[in-house]
Amino acid sequence: TIDLENLRGQAVWVNFMATYCPPCQDEFPLMNGYAVRYAEDGLIVLAIDVKEDEGLVAAFAESLGATFPLGLDGDGSAADAWDALALPVHFWIDEEGIIRDGALGGIGPDIMARGLQTIMPDVTVTP
């Protein structure tokens with residue numbers, strides 16, 4: 001269970017995704033890189049898989065060397081609550097719990113860096 005309230009005080013990047021989604025597959029290695037590079041700066045990266053089986057998601061995460069946690073949204077209710085109707089979709093949340101930026105998926109390192117910069121203003125984020 002992932003409770004964003006427990007992450008208050010940290011910069012959080014939330015990504016709603018699915019294993020069958022080509023842009024999700026393409027973005028994952030980039031997200032891994034950012035997760036590792038900015039972990040010491042307090043960045044938390046979370047991927048939320050929508051409506052897929054735990055075993056399938058675990059195999060996906062292992063095959064791509066996931067460096068951050070993946071949550072399961074088995075019934076799609078979290079995606080619905082966030083209006084994440086198309087996948088992938090990204091949200092960048094600051095230390096106060098405010099969504100500072102978002103992007104519909106199929107994005108590259110420039111847009112990822114821009115989103116991260118909005119939640120980590122004291123860190124120089126590079127693509």
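Reader: How do the residues of the lining of the largest pocket divide into nonpolar, polar and charged?

Author: The model is a predicted one. In this model the lining divides into ten nonpolar residues, two polar and one charged. Gly counts as polar under the scheme used, so Gly71, one of the lining residues closest to the centre of the largest pocket, falls in the polar group.

Reader: What is the volume of the largest pocket, and which residues that line it are the closest to its centre?

Author: The volume is about 270 Å³. Thirteen residues line this pocket, written as 13 in the count, and Ile2, Ile48, Gly71, Leu72 and Ala78 are the closest to its centre.

Reader: Which strand gives the most to the lining of the largest pocket?

Author: Strand E3 does, with four residues. At least two lining residues come from each of E1, E2 (43-50) and E3 (70-73).

Reader: Why does Leu72 count as partly exposed?

Author: Leu72, which sits in strand E3, has a relative accessibility of 42%.

Reader: With which residues is Leu72 in contact, leaving aside its neighbours within four places in sequence?

Author: Those residues are Asp49, Glu52, Glu54 and Val57. The cut-off for a contact is heavy atoms within 4.5 Å. As for Leu104, its C-alpha atom is 19 Å from that of Leu72, with 32 residues of separation in sequence.

Reader: What makes Thr124 buried or exposed?

Author: The relative accessible area of Thr124 is 65%. The threshold for exposed is over 50%, so Thr124 is exposed. Thr124 belongs to the segment that follows helix H4 (109-119). Apart from neighbours within four places in sequence, its contacts are Tyr38 and Gln117. Between the C-alpha atoms of Thr124 and Ala61 there are 28 Å, and along the chain 63 residues.

Reader: Why is strand E4 called mostly covered?

Author: E4 spans residues 89-93, and five of its five residues are buried. Each of them therefore has under 20% relative accessible area.

Reader: Which way do the residues of E4 point?

Author: Val89, Phe91 and Ile93 point one way, while His90 and Trp92 point the other way. In a regular strand, side chains alternate between the two faces of the sheet. In E4 the residues on both sides are buried.

Reader: How do you know that E4 and strand E5 pair, and how do they run?

Author: At least two bridges are needed for a pair. E4 and E5 (residues 99-104) are joined by five bridges, so they pair, and they run antiparallel. Trp92 has Asp101 of E5 opposite. Five residues lie between the strands of this hairpin, and Gly97 there has a positive phi near 85°.

Reader: How many bridges join strand E1 to E4?

Author: Five bridges join E1 (residues 11-17) to E4, and these strands run antiparallel. In one of the pairings, Asn15 has His90 in E4 as its bridge partner.

Reader: What is the order of the elements from the N terminus on?

Author: The order is β-α-β-α-β-α-β-β-α, from four helices and five strands.

Methods:
Residues are numbered from 1 along each chain as its sequence is written. This is a predicted model: local features need pLDDT of at least 70, side-chain atom pairs count only at pLDDT 80 or more; totals for chains, interfaces and linings use all residues. Side-chain values use heavy atoms; hydrogens and water are left out. Buried means under 20% relative accessible area, exposed over 50%, partly exposed in between (1.4 Å probe, protein chains only). On a 1 Å grid over the protein atoms alone, a cavity is a set of points where a 1.4 Å probe fits but cannot get out, and a pocket is an open set with protein on both sides within 12 Å along at least five of seven lines; lining residues have an atom within 4 Å of a point. Grid points are joined across faces, edges and corners, and a volume is the space filled by probe spheres set on the points.
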